[in-house]
Amino acid sequence: MTKAPLFTPVLIAGCVILMLSFAIRASFGVFQIPIAEEFGWMRSDFSMAIAIQNLAWGIGQPIFGMLAERFGDRKAIIAGAVLYAAGLVLSSFAVTPGQHQFLEILVGFGIAGTGFGVILAVVGRAASPEHRSLTLGIATAAGSAGQVFGAPVAEILLGFYSWQVVFIIFAAVILAALMALPFMRAPITATKAELEESLGTVMLRAFRDPSFTLIFVGFFSCGYQLAFITAHFPAFVTEMCGAIDPTGPLAALGITTTSALGAVSISLIGLANIAGTITAGWLGKKYSKKYLLAAIYTGRTIASALFIMLPMTPATVLLFSLSMGALWLATVPLTSGLVAHLYGMRYMGTLYGFVFLSHQIGSFMGVWLGGKLYDLHGDY
């Protein structure tokens, strides 16, 4: 019997879309200082915009999951890309905090349509059972690969163009990702019993299950941690980190300012996460997913506590970025794989979407509270 291949056209196409979508999404923290300085906004104004983006992303996730199951995956992805591009272009003309915050709703829905919920459902259905956990890890790692270059590319582009032009460039990039769409075809993988169950029946069964509640709560804390770092860490490092030694190795690599270090730190998180998510997907084939998730959440807490307690230096920033990056999105292949295992593949996109909504509610709280802390105390 021929062994099923690990890398398929669906997996490669899904990785491309996720990589470009998350490259743009991961860069928003870099725009915080330029936009706030140009218009004289309070830091919490831009934080609220990113918080709204995260919340809209979460609300949009189950909606796009249902749209994909009702009208087809590719139509849902097209709708997401168009909303993403429209939100970026219109945001480039925003001159008030209210305008920017409102338009981030479009961006958030766009991320939902080109993000994990829809893409992982397609990738998971196209994968063979023996490769599914690892395949989901690889696809998740593609999002991290986008994070590796998203923030530094935004930083470089801001050296040549205004933030408004960079937003328009990013809008063109997300539309270009649709060139991978013809390869996003996957069969409906479900048992006879799953095909006979309605979405409402499966959702009711999930919401009554204590395991689903625990997954929901765990992803809330995940979103709180990750969104705070994505939105505030570049600015946090820029303003709070100790000076970079002009004769040291960082300066030799061209990283001479804490602003550049802040952008690179997001890139390092994404780089470490490529290995972390693939490893998590591989481990998910061999060990209990729930215990792996518990270990990841514990590891993040320890890394964050140590970083806060120690003086912030370029060395601690790099160490924290690498350690947090290894655990960053390692929860995603395990959580999506656990949802598929417990409730089947047919409605995986929708059910994972509801779980992801809790993640984004946590993201909203993390981003917004970070901005509020800065405005009240002058630091985080």
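Biologist: How far apart do the C-alpha centres of domain 1 and domain 2 lie?

Modeller: In this predicted model, the C-alpha centres of domain 1 and domain 2 lie 17 Å apart. The domain assignment, which is automatic or from a database, gives domain 1 as 11-184 and domain 2 as 198-379. Residues are numbered from 1 along each chain as its sequence is written, and side-chain values use heavy atoms, without hydrogens and water. Local features need pLDDT of at least 70, side-chain atom pairs count only at pLDDT 80 or more, and totals for chains, interfaces and linings use all residues.

Biologist: What area do domain 1 and domain 2 bury between them?

Modeller: The size of an interface is often given as the accessible area lost when the parts come together. Here domain 1 and domain 2 bury about 4,100 Å², 70% of it on carbon and sulfur atoms (accessible area with a 1.4 Å probe, summed over both parts). In contact (heavy atoms within 4.5 Å) are 46 residues of domain 1 and 52 residues of domain 2.

Biologist: At what angle do helix α7 and helix α16 pack?

Modeller: Two packed helices are described by the angle between their axes and the distance between the axes. Helix α7 (residues 132-158) packs against helix α16 (residues 331-343) at about 140°, with axes 8 Å apart. Ser133, Leu136, Gly137 and Thr140 of α7 touch Val332, Pro333, Ser336 and Gly337 of α16.

Biologist: Which residues of α2 and α3 meet?

Modeller: The axes of helix α2 (residues 32-39) and helix α3 (residues 43-71) come within 9 Å and cross at roughly 130°, which means that α2 is also oblique to α3. Gln32, Ile33 and Ile35 in α2 meet Arg43, Phe46 and Ser47 in α3.

Technical notes. Axes are lines fitted to C-alpha atoms, for helices over the stretch in contact, and angles run from 0 to 180 degrees between N-to-C directions. Helices (H or I, at least four residues) and strands (E, at least two) are DSSP runs, numbered from the N terminus. Buried area is the accessible area (1.4 Å probe) that two parts lose on being put together, summed over both. Angles under 35 degrees count as roughly parallel, over 145 as roughly antiparallel, 65 to 115 as roughly perpendicular and the rest as oblique.
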